[in-house]
Amino acid sequence: MNIRKGNPEDMSSVLGLIKELAIFEKEPDAVVITAEDLIRDGFGEKPLFQVFVAEVDSEIVGIALYYYRYSTWKGKTIHLEDLIVKEKMRGTGLGSALYTEIMKQGKRDNVRRVEWNVLDWNTPAVNFYKNSGAKILDDWAVVQMDQAGINSYLEKL
């Protein structure tokens, strides 16, 4: 297993893993981005994200995609957007290795918090995170406004 920073040439494989995650999360038609979007947004003048890729036998079989946020209470933080492991590689320690790499990145960057979301029905992930010492905040809800909601809200003004 080799974990390294992703590069533009990896984005087709990264997109494939994102689509696999969407299927796992029961949203198979939700992915609208393209490999070109990932290249533009992750490797342009002002990258919006960074990604670690995990390779086995020269195949990308896992990713950890993250970006920086700013907390008014904590300062610079890392948001782990997705940690994805190909289904055939789950249970091999690959996810744990990617998770560790994110925590090492947080330490290198001297952030005060790494945060992410996890679906409550994803019991293996929930248990892994709890066992690692992460806190799951039951009293906070994720709030989102999709593109249609944004447009509808603004039309009402």
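Student: Which residues form the nonpolar patch on the surface, and what accessible area do they have together?

Tutor: The model is a predicted one. The patch is made up of Met145, Ile150, Tyr153, Leu154 and Leu157. Together their accessible area is about 550 Å².

Student: Is leucine 154 buried, partly exposed or exposed?

Tutor: Leucine 154 belongs to helix H5, residues 147-155. Buried requires under 20% relative accessible area and exposed over 50%, with partly exposed in between. Leucine 154 has a relative accessible area of 48%, so the class is partly exposed.

Student: Where on helix H4 do the buried residues fall?

Tutor: Helix H4 spans residues 123-132, and Ala125, Val126 and Tyr129 are buried there. Viewed down the axis of H4, these buried residues fall within an arc of 100 degrees, so they line one face of the helix.

Student: Which helix do the buried residues of H4 pack against?

Tutor: The face turned away from the buried side of H4 carries the exposed residues Pro124 and Asn131. The buried residues of H4 pack against residues 94-108, helix H3.

Student: Is threonine 77 buried or exposed, and what is its relative accessibility?

Tutor: Threonine 77 sits in strand S4, residues 75-85. Beyond its neighbours within four places in sequence, threonine 77 is in contact with residues including Tyr67, Arg69, Val111 and Glu115. The cut-off for buried is under 20% relative accessible area. Threonine 77 therefore counts as buried, with a relative accessibility of 1%.

Note on methods. Residues are numbered from 1 along each chain as its sequence is written. This is a predicted model: local features need pLDDT of at least 70, side-chain atom pairs count only at pLDDT 80 or more; totals for chains, interfaces and linings use all residues. Side-chain values use heavy atoms; hydrogens and water are left out. Patches are made of residues with over 30% relative accessible area and no salt bridge: like charges are joined within 9 Å, nonpolar side chains (Val, Leu, Ile, Met, Phe, Trp, Tyr) within 5 Å. Accessible areas come from the Shrake-Rupley method with a 1.4 Å probe; for residues, only the protein chains shown count as cover. A salt bridge is a side-chain nitrogen of Lys or Arg within 4 Å of a carboxyl oxygen of Asp or Glu. Helices (H or I, at least four residues) and strands (E, at least two) are DSSP runs, numbered from the N terminus. Buried means under 20% relative accessible area, exposed over 50%, partly exposed in between (1.4 Å probe, protein chains only). The arc is that of the directions from the helix axis to the C-beta atoms. Contact means heavy atoms within 4.5 Å.
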